[in-house]
Amino acid sequence: MGIRRLLVVIGVLLATTILAAATPVDAGVSVSLQPADSTVGLGAIFKIFVHVDTTGSEFNGYLGVIRWDPEIIDFVSVQPESLFGHYDNFWWAPEVFPDHVLISHVILEGNATETGPGDLSSITFTASALGVSPVAFDSIEFYLFGNYVLPVEWRDAIVRVADPTSGAPEEETGRLGQIRVVPNPAGRQGRLLVSAPPGEAARVRLFDVSGRLVWERSIAAGSALALDLGSTAGLRGMGSGVFFAQLVSGGRSRAVRFLRIDP
């Protein structure tokens, strides 16, 4: 980790094209992970945003390490957001590990700089187990043309994964309905099997690994759906990859992760 991080820092400084020493800029940045305290249902797909909170110092790059508890939430993807994402020319180099991600992000368009407020990037997760997970900065540094922007203040976040059935197994109550992919990995014969809970309509959604919605359908209360993953319109032409299927009903959700193999 130390060697990788050092190499990325070197890349950040060179990418700014300014050969100045990394001396501090006498101003500050306040950054937080948002929402700061959230509760999600078991199986939910959700995002945590890296957010610059207020107007402050100018900067054109940052390097951050963000951690979470992999026993409670699973990483899906990381992507740039509005504050830097509207530039056509930038350095974007995330490195993903089992329990953390390192993000290196620099604007490369001449003398372009940014300040807050706004979202720098976001991390998409799925809630895989009941419990509480911190989503926390291990470190974060801001740069202005090769110089550190100081001081940097940051605030972490907490994600609470709750069971809407108060711990009652879904096999006993059926209150969450059922959703599964067979087989998994799924080839041309793969099928998504879904049943809505009694008395409640539901929506079925498919997401790609970036968290983008690619297909959805409503199903009536108590009804079932068997979806052919080899011919579903939203997946045609997308090739092999990791996808998520989500069942949403009555403010509750469940999701399953599956690998689609397109031979």
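Confidence comes before anything else. This is a predicted model, and the protein chain averages a pLDDT of 82. Of the residues, 83% score at least 70. One is residues 6–10, with six contacts in the model beyond near neighbours in sequence. The other is residues 166–174, with eight contacts counted that way.

Now the strands. Start with β5, residues 73–80. Six of its eight residues are buried, so β5 is largely enclosed by the rest of the structure. The partner here is β9, residues 118–127. Seven bridges hold the pair, and the sense is antiparallel.

Is glutamine 79 buried or exposed? Buried: its relative accessibility is 12%, and the cut-off is under 20%. Which side chains does glutamine 79 meet in polar contacts? Serine 77 is one, at 3.0 Å. Threonine 124 is another, at 3.2 Å. Further along the sequence, beyond four places, the contacts of glutamine 79 include Lys47, Trp92 and Ser210. Ser121, Ser122, Ile123 and Thr124 are also among them.

Next, histidine 51, in strand β3, residues 45–52. Histidine 51 is buried too, with a relative accessible area of 14%. A polar atom of its side chain lies 3.3 Å from the backbone oxygen of glycine 118. Contacts beyond four places in sequence include Ser30, Val31, Ser32 and Gln34. Pro117, Gly118 and Asp119 are on that list as well.

That brings us to proline 117. Proline 117 sits in the loop between β8, residues 100–107, and β9. The peptide bond joining glycine 116 to proline 117 is cis, with omega about -5 degrees. Where is the other cis bond on my list? From asparagine 184 to proline 185, with omega near 10 degrees. Proline 185 lies in the loop between β13 and β14.

One more backbone point. Phenylalanine 145 is not a glycine, yet has a positive phi of about 50 degrees. Most residues other than glycine have a negative phi, and most peptide bonds are trans. Phenylalanine 145 is in the loop between β10, residues 131–144, and β11, residues 147–155. At 18% relative accessibility, phenylalanine 145 counts as buried.

Back to β13, residues 178–182. In a regular strand the side chains alternate between the two faces of the sheet. Which side chains of β13 point to the buried face? Ile179 and Val181. β13 runs antiparallel to β14, residues 191–195, and five bridges join the two. Valine 182 stands opposite arginine 191 in β14.

Last, an open sheet of four strands. The order is β16-β15-β18-β19, with antiparallel pairing. Which strands stand at the edges? β16, residues 213–219, and β19, residues 252–260. Each has a single partner strand, so one side of each is left without a neighbour in the sheet. Neighbouring strands of this sheet are turned by 15 degrees against each other on average, direction ignored. Inside the order, β15, residues 202–208, pairs with β18, residues 241–249, over six bridges. Valine 204 has leucine 247 in β18 as its bridge partner.

Technical notes: Residues are numbered from 1 along each chain as its sequence is written. This is a predicted model: local features need pLDDT of at least 70, side-chain atom pairs count only at pLDDT 80 or more; totals for chains, interfaces and linings use all residues. Side-chain values use heavy atoms; hydrogens and water are left out. pLDDT is the predictor's confidence in each residue, from 0 to 100. Contact means heavy atoms within 4.5 Å. Buried means under 20% relative accessible area, exposed over 50%, partly exposed in between (1.4 Å probe, protein chains only). Two strands pair if DSSP finds at least two bridges between them. Axes are lines fitted to C-alpha atoms, for helices over the stretch in contact, and angles run from 0 to 180 degrees between N-to-C directions. A polar contact is a pair of N or O atoms within 3.5 Å; within protein, one must be able to donate a hydrogen and the other to accept it, and residues adjacent in sequence count only if both atoms are side-chain atoms.
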